[in-house]
Structures are given as C-alpha cells and as structure tokens.
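Me: I have just opened this structure and would like to learn how to read it. Could you take me through it step by step?

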Amino acid sequence: MGAVAPAASARTITPAGAFGPCGQTRDVYLSGAEAHWTINCGSGNKVTVNGWVKDTNGPDDNQCAQVYAYFPYSGTTKYSARACGNGQTVNFALSGMGTSADVYLREIG
C-alpha cells in the first residue's frame with residue numbers, strides 16, 4: 001500500500017482506489033493524516049478537487065500531511081499546501097483539465 005515518493009526524504013502512503021470521476025466524495029485516513037475531498041466537473045472540460053487535509057500526529061514525527069491530484073487528460077499533477085503539526089488543517093482546490101482525477105493523501109517529511 002505504501003510507495004516511496006521521488007524525494008529521498010519523503011515517505012508517501014496512498015490509499016487504494018484513489019481514481020475518481022465527477023461527483024465523487026472521499027474521506028481518507030492514514031496513521032498520521034486524514035483528508036476529505038470532492039471531485040467537481042465544470043464546463044470547458046475542467047475538473048476541480050475541493051477539500052481539506054489534516055495532520056493528526058504531533059510535531060515530533062517530522063511528517064506533514066498533503067493531498068495531490070493527477071489529472072490524466074492533461075498529464076499534470078497539482079499539490080495542496082502541507083498541513084504540519086498535530087491538528088493543523090489546510091483547505092485546498094486543485095484544478096486541471098478533463099473529467100476525472102487520481103487523488104492521493106500522503107505523509108511527507
């Protein structure tokens with residue numbers, strides 16, 4: 001279930017079945033992070049992932065929570081701001097082209 005992110009200092013954990021069509025809402029939990037998002041589609045072949053991400057571990061774990069979305073139609077990836085420190089929550093809106101997005105929650109150092 002875990003995968004190593006490109007950066008050597010990062011530990012990425014992704015949930016299974018992260019692909020999402022228009023209208024999908026997900027609540028995702030990891031041992032030190034949680035997130036909620038909805039995939040919305042608009043006119044002009046635009047898709048937006050709206051939600052929040054929360055760090056659920058203390059500051060001593062040196063990990064932050066982050067959501068990222070891959071938009072297959074355009075081949076681009078967008079990243080939320082990092083939520084760092086127990087209880088910190090960050091709202092995000094990630095937009096790309098198409099009618100779907102592969103959305104992931106990760107813990108990253």
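Me: How many bridges join strand 6 to strand 10, and do the two run parallel or antiparallel?

Reply: Before we start, note that this is a predicted model, where local features need pLDDT of at least 70, side-chain atom pairs count only at pLDDT 80 or more, and totals for chains, interfaces and linings use all residues. Residues are numbered from 1 along each chain as its sequence is written, and side-chain values use heavy atoms, with hydrogens and water left out. Now to your question: two strands pair if DSSP finds at least two bridges between them. Here nine bridges join strand 6 (residues 46-55) to strand 10, and the two run antiparallel. For instance, Val47 stands opposite Gly96 in strand 10.

Me: What is the order of the strands in the open sheet?

Reply: The order is 4-5-6-10, four strands with antiparallel pairing. Strand 4 and strand 10 are the edge strands, each pairing on one side only. From one strand to the next, the twist averages 20° (axes are lines fitted to C-alpha atoms, and angles run from 0 to 180 degrees between N-to-C directions). Inside this sheet, strand 5 and strand 6 also run antiparallel, joined by 10 bridges. Asn40 has Thr48 in strand 6 as its bridge partner.

Me: Which elements does the chain have, helices or strands?

Reply: Helices (H or I, at least four residues) and strands (E, at least two) are DSSP runs, numbered from the N terminus. This chain has 11 strands and zero helices.

Me: Which side chains of strand 10 are buried?

Reply: The general idea is that side chains in a regular strand alternate between the two faces of the sheet. Buried means under 20% relative accessible area, exposed over 50%, and partly exposed in between (1.4 Å probe, protein chains only). In strand 10 (residues 89-97), Val90, Phe92, Leu94 and Gly96 point to one face and are buried. For the chain as a whole, 43% of the 109 residues count as buried.

Me: How many disulfides does the structure hold?

Reply: A disulfide is a pair of cysteine sulfur atoms within 2.5 Å. The structure holds two. With the bonded cysteines numbered in sequence order, the pairing is 1-2, 3-4.

Me: Where do Cys22 and Cys41 sit in the chain?

Reply: Cys22 and Cys41 form a disulfide with their sulfur atoms 1.7 Å apart. This pair links distant parts of the chain, 19 residues apart: Cys22 is in the loop between strand 3 (19-21) and strand 4 (25-30), and Cys41 is in strand 5 (residues 33-42). Cys22 is partly exposed, at 37% relative accessible area, and Cys41 is partly exposed at 35%.

Me: Why is the disulfide of Cys22 and Cys41 left-handed?

Reply: The torsion about its S-S bond is about -80°, so the disulfide of Cys22 and Cys41 is left-handed.

Me: What about the disulfide of Cys64 and Cys84: left-handed or right-handed?

Reply: Here the torsion about the S-S bond is about 110°, so the disulfide of Cys64 and Cys84 is right-handed. Cys64 lies in strand 7 (residues 64-71) and Cys84 in strand 9 (residues 83-84), so the pair ties together parts 20 residues apart in sequence. Their sulfur atoms are 1.9 Å apart. Cys64 counts as buried at 13% relative accessibility, whereas Cys84 is partly exposed at 35%.
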